[in-house]
Each structure stands twice: as structure tokens, then as C-alpha cells.
Amino acid sequence: GKEQDDVVVPTSGGRYDVHLRARQRVAVYWEEEVSEVRRCTWFYKGDKDNKYIPYSESFSEELEEAYMIAVTLDEWKKKLESPNREVIILHNPKLMVHYHPVASSDDWVSTPTEQGRPRTVKRGVENIAVEIPSGEPLQIDHLVFVVHGIGPACDIRFRSIVQCVNDFRNVSLSMLQAHFKKAQEQQQVGRVEFLPVNWHSSLHSTGVDVDLERITLPSINRLRHFINDTILDVFFYNSSTYCQTIVDTVASEMNRLHQLFLQRNPQFRGGVSIAGHSLGSLILFDLLTNQKADPEEDEHRAQGSRSTSAMAGIEGVKEILKKLELSEYCDVFEKEKMDRQALFLCTETNLKEMGIPLGPRMKILHYLSSEREMKVTAELWLHPQSPREIVQCTNLNIQLSQVSANYPQLNYKPTIFFAFGSPIGMFLTVRGVKRIDPNYSLPTCKGFFNIFHPFDPVAYRIEPMIVPDLEFEPMLLPHHKGRKRMHLELKEGLTRMSVDLKNNLLGSLRVAWQSFTRAPVPALEAGSTEAETEAEAGTEKQPDTKAEEPPAAVKEESPLINVGRLNGGNRIDYVLQEKPIESFNEYLFALQGHLCYWESEDTVLLVLKEIYQTQGITLDQPLPGSQ
């Protein structure tokens, strides 16, 4: 007995420990108020209650003792009073009732039958319609740390990061059952564990709130308190003093959670990914850009770039000339044995000596100049971690100011980085980064997904910073049920129909006008006239055919766009499909758009798909439109 009372039982997927002797449930990975655990033998339920509620263990013992005496002596009508001065009457083994406490004085109380409808009392758990959940799968395939954004509340219901991540985890379990059923049956898939990382409480426990309170005006008190507690987190992160506190907290907390998780799950062999919402994604992005890769990886990366440039050679020069519409000069450059490196060393005199005319010469020199500027931008981008350093670049005429912070190193290499509703692109632009080098990748993390709602006012894109010369839409996230939302399909259908109607109407008017204005011709020339008419119609139909194509916003995005190595050559920006009610007013649902990710099945399914894809496990059925 005594040894058994000391047992600690892990529950809720190992995120809580139940101490049997103390009857307490304690959170393992985060701070949370200890909750009471009851060993239930007696229950009660009112008319409006949808489940039985257990009595405390001490009062259950009193009820059990009174019940056993009544059964043994066959003496019923026993009356007991609970600690809350509520009355329980044991009429017989099948009829036991619980009356509400009486608010009036003890001297003038009414009889129990006059106190309103009583509650039903039940002994034991037999015939109680309770669905005991089977629990989460024991096998954990992957670990994901989730970092919150500004403020202590993370969604529209002002819930904490712990509660929101609980929702995200629950959605992931349902998505696994719906879309990875075959892999689950073959025991290839267990589950993904999501753990919250909280930095807000550490930041605001530094005493800064007291300093802010001293200078805050007394008017509109609630609004000012809300701003101090949430919006100012953005300014704190741009302060060298508090930025250091934030990045230290996030990195140390993720390292602590990782170590604790491995201690509690020694059999875990999966990878680790990280996800950030809003400002949390920027914190993680800055941390990842300042991680140090292993020397072997750096050498491998350098060898790869050298071999790539060697293979490019003259082919690279041909591509450049083709891009500049100067393919006719390929033979001249090949004759001079000009590779890409030699081309970038060329001056105007060299090109003149090769016999290149002035026009093409100017095109080539302008291209070389712009490429050199981009290379300087890449240098600024690849080395941003200098404390309070202002890098001045005369070629670009920009300043890139970095916040003073020593970024800690993580104890692991993240597999994928997921950003939800992220302002990373905006912050990089404000810092002076005009373009991200297509060859740049995060030192220790190979995957990067930027996921956003179309109406999210805080979210910005990343891909246009890598490919600034090309306009293209973000990847549309497929609906988790395997199709586009009905209102989007209807919208696209109406757009196509209106284009078709417009083209058909214009075509009919054009033919009618031509027949009206055409002069009469002899019958002998009818054949040639018909041919001319067909030729004219053919030339006129050419632009119509183009017009019939749906606009860019409606087209399915082509996966052939090269967006660099930041996500291993794959697409980075992914946009959610708005709900039908959200499409009525973008402004009305803007805030909801920024806080919708925790319960978004489409977001969760993308996260699971990409995580399990690294393990060679795919969805039961590929979703249409997915990469």
C-alpha cells in the first residue's frame, strides 16, 4: 500500500504527472497551477448537468459508511450533511437524492422537499455513460516547439499559449487519423508532440512593468495596460537590452525542454522542428540565421558551390546571354573560352576587343553591375550577427542596422521552421535587406514554410525578396477535405464565365460589324474573301484566347518557380483559403485572420505532411494542388 501511494503516473501523453499520494496533477514542461485528482466512488448529477460530478474522497467515505450501515441494518431514510451544508438523503439503494443548500436562517428552514428539484446521487461507476478516451499514441515521431507572439494571450478568446498549443495538438491527432490511416495501421506513424515556449512572462518579470506603470497616463487605463502588455513587446524586441533577454529566454527554454523531453522519452529517435506565431517567428528566424553550422557542413557547402560553378562554366554564360536576348554572340564568348567567372571580370574594353557592338555591350555591363550589387546584398544578409553594427554599403546606398544581441546556440538542428502569420519579410525590409540571396539557406535548418491567412494584417511574404523580378502568387493551401472551398470555386467559375461572355459578345459584335461594313465583291472572289475573313478572325481570336485564361489570382500556381535554397528549392509562401463568411468583409475578420492558425486543419495538415515527408511517409491520398 504505502509504496503504491508513492507512484507517479504520467498522463496526457507524458505532459502531466499524477502524484497518487498527494492526489495532484502537475504540469511537466510548463508552469501551471496544480490541479486536484479524485478517486471517485460517489457521484451526483442535476437535471441540467450533462455528466456525473464526483464528491470529495473524504465525504465519499462518510457516504459509503452510512450506506453500508443502512444496507446491513436495513435502516434507510438516512440524512447526511455535506461540508457545503448540502443535504443528502438515502431513501433506499436505488433512490438517493442531494438537495441544494438553503440560503435562509437555520431556525426557519423549509423542509428538504420544498427546496427545489434535488440532484440524483449514484454509488459506483456502473451504468454511467462516460466515454473514457483511449489516450494518445505512445510512439512519438517528431517534436515541435511552438513560440508565441506578442502579449500573454494568443487567440481571440484570450487564451494562453499552452491552451492554444493543446488545440493545435488535438487537431493534429484528428488529422493523423483522417489522412495517415494506412501508415497508422502499419504502425509507421505514432504522433507529433507540440510543446509551448513562453518568453512573455520572463520579459515582464524583469521589473520593466513597474517602470512603465510609473510613466503611464491614468486615462483610458485598460487600453494603456493592454498596449503595455502586448504591443510594446515589438519595441522590446528592437531594444538591445530586452532583445537579449528575449532571445536568451527562447533559446534556453527550448534547450531545457529538449533535454527534459529526452530524459522522459529515452527511446525517442525522431527529429525536432520549431514553429513561431507572429513576433515569435521573427525571434526564431533571427536565432536560426545566427546558428553556427558544423565546419564539415561549411566545407561541404563550399565544395558544392565550387563544383556547381565549375559545371556551370560556359553553359552559365550561354544562359546569361539567352536571358539578355544576345544568344547570337554565344560563339564569340565560346571562342574566347569565357566562363561565368571570366565574364564577371570583363570590362568595357575587353568586350570591345571581342567585337561586341555598343548596344549588346551596354546590356552585358548593366547586367554585371546589378549582379555585383546583389552579391554585396547577400554578404550583408549572410553576416548579420555583429553587435550594434551599422554596415554602410556605397553601391546600394542603404544602411543595415542590427540589434545588439549575442544569439545563443541551440543543442539540436531543427528539421523544419514553420512561421504562422509572420512579419519576417517586413522586418528584414525595415532593417535594410532589399533582397535575399537565392543561394542562402539557414545554417542548421533545411526547411522553411511561411504560412498565412489572406486577411492577416501582420503577415508578409518572403518569396518576392528572393525573386523580386517575377510576380507570382503564393501557394494556395489545399483544403483538408481535398478540394477548394465552395465559395472560392464559385468565385473562380463566375470569373471565367464573365470572361467567356465578354469575349463571345465582343466576337459577335466584331463579326456583325465586319459583315455590315464589308463592300460587295464578285462571286469569283468569294473563296479568297472567305480565306481573308478566316485569317482576320484568326488574328483577332489570338488575343481573345489569351483573354479567356483566368486572371493570375485564379490560376493554379506552377511549382516550377525557382525560389532559392531557403526551403531546399521548394516553395516558401503558403496562403490559407478564407472561410465563406470571412470573404464578405476583409477588415471585419482581419484580427481573426491573425489568430486563426491554432485551430486551422489546413495549417496543421501541412505541418504534418512536411514533417512525415522527411521520414518517407506520405498522405493516404495526395491533396489536389499540393506540392
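## Around His277

Leaving aside neighbours within four places in sequence, His277 is in contact (heavy atoms within 4.5 Å) with Val147, His148, Gly149, Cys154, Phe420, His594, Leu595, Tyr597 and Trp598 in this predicted model. His277 belongs to strand β13. Strands here are DSSP runs of E, at least two residues; helices are runs of H or I, at least four; both are numbered from the N terminus.

His277 has a relative accessible area of 4%, so it is buried. Buried means under 20% relative accessible area, exposed over 50%, and partly exposed in between, with a 1.4 Å probe and protein chains only. The C-alpha atoms of His277 and Trp598 are separated by 9.5 Å. Along the chain, His277 and Trp598 are 321 residues apart.

## Basis of the model

The model is predicted: local features need pLDDT of at least 70, side-chain atom pairs count only at pLDDT 80 or more, and totals for chains, interfaces and linings use all residues. Residues are numbered from 1 along each chain as its sequence is written, and side-chain values use heavy atoms, with hydrogens and water left out.

## The chain overall

The chain holds 20 helices and 19 strands. Of its 627 residues, 41% are buried. Take the contacts between residues at least 6 apart in sequence: 70% of them join residues at least 24 apart.

## The parallel sheet

Seven strands form an open sheet with parallel pairing, in the order β12-β11-β13-β16-β17-β19-β18. Two strands pair if DSSP finds at least two bridges between them. The edges are β12 (191-197) and β18 (475-476); each has a single partner strand, so one side of each is left without a neighbour in the sheet.

Strand β16 (residues 416-420) runs parallel to β17 (residues 447-452), joined by 5 bridges. Ile416 stands opposite Gly447 in β17. Helix α9 packs on the sheet and touches β11, β13, β16 and β17. Its direction makes about 135° with that of β13. Helix α8 (residues 240-264) lies across β11 (140-147), β12 and β13 (271-277). It runs at about 160° to β11.

## Helices α7 and α9

Two packed helices are described by the angle between their axes and the distance between the axes. For α7 (residues 221-237) and α9 (residues 279-289), the angle is about 15° and the axes are 11 Å apart. That makes α7 roughly parallel to α9. Axes are lines fitted to C-alpha atoms, for helices over the stretch in contact, and angles run from 0 to 180 degrees between N-to-C directions. Angles under 35 degrees count as roughly parallel, over 145 as roughly antiparallel, 65 to 115 as roughly perpendicular and the rest as oblique.

From α7, Asp233, Val234 and Tyr237 meet Leu279, Leu282, Ile283 and Asp286 in α9. By class, this contact of α7 with α9 has 5 nonpolar, no polar and 2 charged residues. Nonpolar covers Ala, Val, Leu, Ile, Met, Phe, Trp, Tyr, Cys and Pro; charged covers Asp, Glu, Lys and Arg; the others, Gly among them, are polar.

## The antiparallel sheet

An open sheet of 4 strands has antiparallel pairing and the order β1-β2-β3-β4. Strands β1 (8-11) and β4 (35-36) stand at the edges, each with a single partner strand, so one side of each lacks a neighbour in the sheet.

Strands β2 (residues 16-19) and β3 run antiparallel, joined by 4 bridges. His19 stands opposite Gln24 in β3. The two strands β2 and β3 form a hairpin with 4 residues between them. In the turn, Arg23 has a positive phi of about 55°. Strand β3 (residues 24-27) pairs with β4 in the antiparallel sense over 2 bridges. Arg25 stands opposite Ser35 in β4, and Gln24 has Glu36 as its bridge partner there.
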